[in-house]
Amino acid sequence: MQFHHNGYVSADPRKQPAAGTGIDRPKQLPDQMDVLVVGTGPAGIIAAAQLSQFPQVHTRIIDRRPSRLEIGQADGIQSRTVETFQAFGFAERITSEAYIIKETTFWNPDPENPECIMRTDRTPDDPTGVSEFPHLVVNQARVIDYFAEYAYNSPARITPDFGWEFKELVVEDGQEYPVKVTLLACGGEAAGLERVVRAKYVVGADGARSNVRRSIGAKLSGDKANHAWGVMDTLALTDFPDVRTKCAIHSGAGSILLIPREGGQLFRLYVDLGEVPEGDNGKVRETPLEEIIQRAKAILNPYTLDVKDIAWHSVYEVGHRLADRFDDVAPDETCIREPRVFITGDACHTHSAKAGQGMNVSMQDGFNLAWKLGYVLTGRSPQSLLRTYSTERKMIARDLIDFDKQWSSIMAATPEALQGQEGAAEFYVRTAEFPAGFMTEYAPSVLTAVHEHQDLAAGFPIGKRFRSSEVMRVADASPRHLGHHHRADGRYRIYVFADRARIGEPGKVATLANWLLESNESPVRRFTPQDADLDSLFDVKVIYQQDYASMNINDAPKIFRPNVGELGLMDYEKVYAAWESSDIFEERQISREGAIIIVRPDMYVSHVLPLDSIQDLAGFFDDVLVPRI
């Protein structure tokens, strides 16, 4: 972390100086704003947190609740999400208070005594080593707290406006603030009071019963699996030996997915309530808590369960539904008008909770959208960039629902039905990369190039997230994960993996570096605002192949040693060497002839290019960014 670039800082460096709309920010919800986010759930709060890095953009986030969420329903945090937490600066803190899933055990009927269960499989949580980050379990409310803290500590000083419920909206083209939103005050003396505000863009993160979705005429379609589950967070005494391990349990009496929770004693049980008869009309949701407990006891036989306290419980029916569109542009308006209203998270895709994907995928929705809104509203990108949100995220939601249907079906199946079929353990191992969050792969578009040069860096697939690896920081001989320096600050990353030429020698890296710094065709010169730091839009780093101990950082080209901040101090965190204990060139299959890797602000690889493809590098950003004035 660097924080002295504008002068000595003695206070908490995570609290950045207020700027732009963060200075004298109105405490009360104003009549006009650039972005109105509806809902402080995972999708909404991460969108606000990312937009807090764009202080020129006036963002407000509302929620009908009177204050912060205290008990969250979601709890599973996948490794890709922890990577995202790293970008927002709180991965270590939230990991320290979370339950870390190391293994999953699988229980099935004992062949010699089918009325009792026995452990049949044990698998590591990350069998292929796909990430250096763990799989966590932590209360959704704490996740929201951390993002809220980040948003408040960022330059825009964003804080939620509680006590406002979204009612409806209309888009009135031709207005500076074209989205007219009607809100209702909740609670207090003003309860029931209607108020109209205007925004340039609205983000609907208001859940499965989204009123924003209804207002734009988007429709959910899909099916129900006609299967119900009871879920409860419980404090209990039990002799079940794996109560502090994630478990998938199948017995003749039904199924349980057991998730240990943070804090040492709390654990969550998803308890199979069986098939829901036709015409039930939601009656199953009235299943008494005591019945759920009794079913859990029967499934765990021969082990005992003495429930002492229930922190939260609910009943839900498995359903898989997907919105027909994720923004307010109707099919017959495509390419005619640009979107003004977006839906994220449960507002546009619903599924079961047992795959642990809801909160995780929802946060990636918000992350994907927010940096694009920031770019458009600050003039960095054309409005057409916003079309990519619906295109990219609808494909991911569809893949999620397909996966969840398979997992839910396996979890609901009886032991007899699974005979001769792929069981829970086999499916879990085979598909481990998907629930971990690493199967997302964006198709070619203005943001994602075709795979013409993918062979130069096979370990950084275009369209997938940038997978970190350790390198040696030359300035202080400090091993660092390269990807951990990717902060959610709205910048593009350009990683230059050097060829065999040594630092300071003439060659492709030196030529590229000089072009990036001096040429009028360079994206750094074309798109970086004239009054901004050299690296304010593009964070350009270099990774050499030679031994760091033989290197002098002053020999690195100037583009990799920019002067930043009010004092013009040098940035020492852009020059790296391959570390012999973990050679990134070997681990990520990077050509020894070098390569350029472009990574977009939400951590996905946009392009792979040869070191000398400067024209392709220049042209890639033509449809994404607007040249500086």
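Modeller: The model is predicted. Glutamate 470 counts as partly exposed because its relative accessibility is 27%, and partly exposed residues fall between the 20% cut-off for buried and the 50% cut-off for exposed. Leaving aside neighbours within four places in sequence, glutamate 470 is in contact with Pro479, Arg480 and His481, and also with Trp579, Ser582 and Ile584.

For the annotation, an unreviewed UniProt entry lists residues 440-627 as "domain: Phenol hydroxylase-like C-terminal dimerisation". In the model this span is 14% helix and 21% strand, and its end C-alpha atoms lie 30 Å apart.

Methionine 603 is not a glycine, yet has a positive phi of about 80 degrees. Its place is in the loop between β26 (595-599) and β27 (605-609). Methionine 603 has a relative accessible area of 6% and is therefore buried. Arginine 157 is likewise not a glycine and has a positive phi, here of about 55 degrees. Arginine 157 is found in the loop between α4 and β8, the latter being residues 160-162. With a relative accessibility of 14%, arginine 157 also counts as buried, because the cut-off for that class is under 20%.

Helix α4, on one side of that loop, takes part in a helix pair. Helix α1 (residues 42-51) packs against helix α4 (residues 140-153) at an angle of about 20 degrees, and the axes are 8 Å apart. Angles under 35 degrees count as roughly parallel, so α1 and α4 are roughly parallel to each other. Their crossing is left-handed. On the α1 side the contact is made by Pro42, Ile45, Ile46, Ala48 and Ala49; on the α4 side, by Gln140, Ile144, Phe147, Ala148, Tyr150 and Ala151. These contact residues divide into ten nonpolar and one polar, with no charged residue.

The last item is a peptide bond. Asparagine 301 and proline 302 are joined by a cis peptide bond, with omega of about 20 degrees. Proline 302 is placed in the loop between α6 (289-299) and β16 (305-323).

Definitions and conventions
Residues numbered from 1 in each chain as written. Predicted model: local features only at pLDDT ≥ 70, side-chain atom pairs only at ≥ 80, totals over all residues. Heavy atoms only, no water. UniProt positions renumbered as here; feature names shortened; annotations may be inferred. Helix = DSSP H or I, 4+ residues; strand = E, 2+ residues; numbered from the N terminus. Buried < 20%, exposed > 50% of the residue type's maximum accessible area, 1.4 Å probe, protein only. Contact = heavy atoms within 4.5 Å. Axes fitted to C-alpha atoms, helices over the stretch in contact; angles between N-to-C directions. Parallel < 35°, antiparallel > 145°, perpendicular 65-115°, else oblique. Left-handed = near helix turned anticlockwise from the far one by under 90°. Nonpolar A, V, L, I, M, F, W, Y, C, P; charged D, E, K, R; others polar.
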